[in-house]
Amino acid sequence: MTENLEVVRTTTWSAGPGCHGGCGVLAYIKDGKLVKIEGDPEHPWNQGRLCARCLAMTQYVTHTERLTHPLKRIGQRGEGKWQQISWDEAFDLIEKKLGKIRDEFGPESVIFSMGTGRDIGPWICLLAYAYGSPNVMFALSGIACYSPRIAAVDTVQGDYCVLDASQWLPARYEDPRYKVPECIIVWGYNIPASCPDNVFGHWIIDLMKRGTKIIAIDPRLTWFASRAEVWLRLRPGTDGALAMGFLNVIINEGLYDREFVEKWTNSSHLVRSDTGKLLRESDLAKDGSPDNFVAWDTKRGAPVVWDSSNVEYRLSDVQPALEGSYEVNLFDGTRIPVKTVWSVFCEEVNRYPVERVSEITWVPKDDIIKAARLYARSKPASIHWGVPIDMTPAITPTVQAIAALWCITGNLDVPGGNVISRFAFDAVAYALPGAKGVIKLKSKEADKKRIGASRYGPLNRFIWRAHTDLALEQIFTEEPYPIKGMWIQTCNPVAGIGLDPKKWVEAIKKLDFVVAVDLFMTPTTQLADVVLPAATFLEKDGIRSWWVPLQSINKAISVGECKPDVEINFELAKRFDPDFRWKDIHELFDEIIKPSGMTFKELQEKGWAFPPEGHPSAPYHRFEKGLLRPDRKPGFQTPSGKVELYSSIREEWGLEPVAHYEEPPFTPISQPELYKKYPLILSTGRRSPAYFHSEHRNIPWLREIEPDPLVEIHPDTAESLHIGDGEWVWVENWMGRCKLKAKVTPIVPRWMVMATHGWWFPEKPAQEPHLFGVMESNVNQLIPMGFTGKDGLGAPIKHLLCRLYKVSGSEGTENA
Amino acid sequence: MPKSSGYGLLIDYEYCTGCYSCQVACAQEYRWPAGMSGIRVIEVVERLPKDREYLVYLPFPTELCILCAPRTKKGLEPSCVKHCMAACIKYGKIEDLAKEMGKKPRMVLWSPRA
Ligand code: SF4
Ligand code: SF4
Ligand code: SF4
């Protein structure tokens, strides 16, 4: 295999492994074909390792079912009749059809729908914004994956943060600046080759070998749970209560970092007891600023103004009170009682004594205390969380509680703690929470029509997406304006990301014109008018700055007529926007990575680059050094410049400003009547090393790892229902049912089943009514749309109710 | 009785996460079709007293494992060893690996057919 062998060094980012990438790989190419892929041993990210999905790339790139030419529908929608067309014909057709919709109904009448995976965010925005539509939609209910967490953390501390596994340091664990965390809370995350938060999951294993202890929070006996110092088997959806319980122990036992709390949080700002709102300078003086807050100066025995723009008190030598109740005079002479934020925060925390938390979460009281103490006493300690945090309607108050944990224990932006994560070199492609990107909508005016933007605060401050649940409704109601077209890219709402998938089928069919861009036919592409063949990461040039290092993706091969998403969208964007300003994609990449001082070509030569110490995107202790704020003053990018334990942003939105717990909508507690009928908690979405969501069922090496859609059920529960291991069962609730294969295992508790998600069968017929058998086993049929949180974010995806019964003989044959 | 090659694989199953990289890495290296590989990953849920369990994954070398002779000859690590996400497989002389094994519990030493 040595002759004519070319080795291309590149970076993973989806299509292929499906993930958000970051691994350095070596692609072995012979005569233009991929013969092997290996982990790059020199790459600091994965150090030669690679996951099963990436190692299966040779079965992926030249798979016989790979889409290799643009296709045009010639039969009815869903009939599965296609005609091969050229790229020119495809682009002409799309330009004409979408152009007509824009002329007749306005650009906002086309939704640009994305899923997770592929480097799609910037490129779908590039196209949507060139076309003029603000309606870029992440097709999951409540946008419940990652961006709610980022938005919520930004609400508290102005910048996101992740587990520090030394990823900012090229020498990694050996760098003297780094400290191995004494303890990591692994919160709703499981290891099998899933790398969320742009953290390579197995770094945690590296750290465990170096002494890190684990606290695992998961209803399932995961790999981490098995090896944890403390395992908290919580009832799904009660994470917020658990976090409040931790805070309760830590604060009442005095295990917090008082200096951090006093100096870096808004704990000493005053809250009006009459209105429950933060006291502002404008309350005290007619010409005072509403952006400035007020503390109680114990030295002078009088209120003192906190000047938010200067990030300091108006007076010098202030000794602000951390706790207590005081009285102040408003400018109109009224005297009102006030309390410090810390007092209000502690009052809320004190509503969650461990006994109550134990009752809510079903976790033994002593374990909660043990875990809280272990976390708080470990220096440093870190928290690594997973998507279950987003997948509940009260996501934001839950995150406020968890973020308070790493803040008040002094673990923010310290080595081995939770480190502030910015795009490497601040090279940002498109607007994500907390960052302004190169790719923007042309005018504020155009953004006014974005679905849900005027209704939900976070959609106007952090998340520049259409609200998915409202968008789906709007397709049917046509209010306030009709939706006529959809561009679907990296997105499979019928099989994967869409809850209530039959409704998505109906919605897509109602539209006048639908384009899908994918690598294989899926249940969703079947409903399109035009299907365009996308490229894997090996077939494209690209960039990755999420979070570190800054990396280039380097094209190694071509397959058929497949085009990278960026090229497809670039070509069409040029056609839709007369002012489109980039000549080619390399020029666009150059502009995005300009803050690094490199051109794309220069970056390609290096492969990857780390921001140097002292750069705002490199750790540590940045809030002390004045590296986080644009004005370079110490502090945070929040309205007050401090970590806001009492959120001024939430107050502005009319929502509870302090962390708390809300019972989710479909639980044994909130729905006792339904629970009688559906006596098992249904959780979904556990990860598999073989699959990225709805992908990879057609890759033989991966499918053999998990050939069937599974539901995990405890042996005692299975016995009581007369269900044997490997038998097909119906999982059913008030929404519908799906057929899954029972995996009888004590990994799950007796009171819960775990259903795998994203299932369809590429081996089954494509055309309707089959759609690759998607409605047989798609568990999302049991999950409703439209139950997002008060701020529009989060959805009840991991805590529903169901019952199970055996599939009778004849019904079972199709899959068995 | 066939002679041992003198080389083997030491698995630290405390850290094996069941990621299946070894299995797919081997299949890729030797172009085995699905269902065949030099190493197969097994999941074991051990039931323990007091309603407790311990979850273990164990990569088990099959009759197809040749201990990567073509790679080791060139000074390369076996493919499964190189790609193991948990870095929990070690290749070497059986005597050396046996010594390693004395250093910590929860290890197995395989001497495949090779
Ligand atoms: S899933 Fe993780 S290991 Fe696999 S390619 Fe992506 S980043 Fe690398
Ligand atoms: S040592 Fe080589 S042949 Fe044996 S299982 Fe590992 S990769 Fe396969
Ligand atoms: S690659 Fe390593 S961690 Fe993964 S299954 Fe194989 S032995 Fe276990």
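At what angle do H12(A) and helix H13 of chain A pack, and how far apart are their axes? In this predicted model, H12(A) packs against helix H13 (residues 365–377) of chain A at an angle of about 110°, and the axes of the two helices are 8 Å apart.

## The H12–H13 contact

Angles of 65 to 115 degrees count as roughly perpendicular, and H12(A) and H13(A) are therefore roughly perpendicular to each other. The crossing of H12(A) and H13(A) is right-handed. On the side of H12(A), the contact is made by A:Val354, A:Glu355, A:Val357, A:Ser358 and A:Thr361, while H13(A) contributes A:Lys365, A:Ile368 and A:Ile369. Sorted by class, the residues of this contact are 4 nonpolar, 2 polar and 2 charged.

## The H8–H12 contact

Helix H12 (residues 354–361) of chain A also packs with helix H8 (residues 239–252) of chain A, here at an angle of about 160° and with the axes 9 Å apart. Because angles over 145 degrees count as roughly antiparallel, H8(A) is described as roughly antiparallel to H12(A). The crossing of H8(A) and H12(A) is left-handed.

From H8(A), the residues that make the contact are A:Ala241, A:Leu242, A:Gly245 and A:Val249, and they meet A:Val354, A:Val357, A:Ile360 and A:Thr361 of H12(A). By class, the contact of H8(A) with H12(A) has 6 nonpolar and 2 polar residues, with no charged ones.

## Domains of chain A

The domain assignment divides chain A into domain 1 (6–61), domain 2 (71–139 + 428–544 + 550–609), domain 3 (163–421) and domain 4 (672–812). Between domain 2 and domain 3 of chain A, the C-alpha centres lie 37 Å apart.

## Surroundings of ligand 1

Ligand 1 lies between chains A and B and is surrounded by 11 residues, of which the closest are A:Cys19, A:Cys23, A:Cys51, A:Arg53 and A:Cys195. Within chain A, domain 1 (6–61) and domain 3 (163–421) each supply at least three residues to the shell around ligand 1. By class, this shell has 8 nonpolar, 2 polar and 1 charged residues.

## Surroundings of ligand 3

Around ligand 3 there are 14 residues, and the closest are B:Cys16, B:Cys19, B:Tyr20, B:Cys22 and B:Cys84. The shell around ligand 3 divides into 11 nonpolar and 3 polar residues, with no charged residues.

How values were computed. Residues are numbered from 1 along each chain as its sequence is written. Chains are lettered from A and ligands numbered from 1 in the order in which they are written. This is a predicted model: local features need pLDDT of at least 70, side-chain atom pairs count only at pLDDT 80 or more; totals for chains, interfaces and linings use all residues. Side-chain values use heavy atoms; hydrogens and water are left out. A residue is near a molecule or strand if one of its heavy atoms lies within 4 Å of it. Ala, Val, Leu, Ile, Met, Phe, Trp, Tyr, Cys and Pro count as nonpolar, Asp, Glu, Lys and Arg as charged, and the others, Gly among them, as polar. Domain bounds come from an automatic or database domain assignment. Axes are lines fitted to C-alpha atoms, for helices over the stretch in contact, and angles run from 0 to 180 degrees between N-to-C directions. Helices (H or I, at least four residues) and strands (E, at least two) are DSSP runs, numbered from the N terminus. Angles under 35 degrees count as roughly parallel, over 145 as roughly antiparallel, 65 to 115 as roughly perpendicular and the rest as oblique. A crossing is left-handed if the near helix is turned anticlockwise from the far one by less than a right angle, and right-handed if clockwise. Contact means heavy atoms within 4.5 Å.
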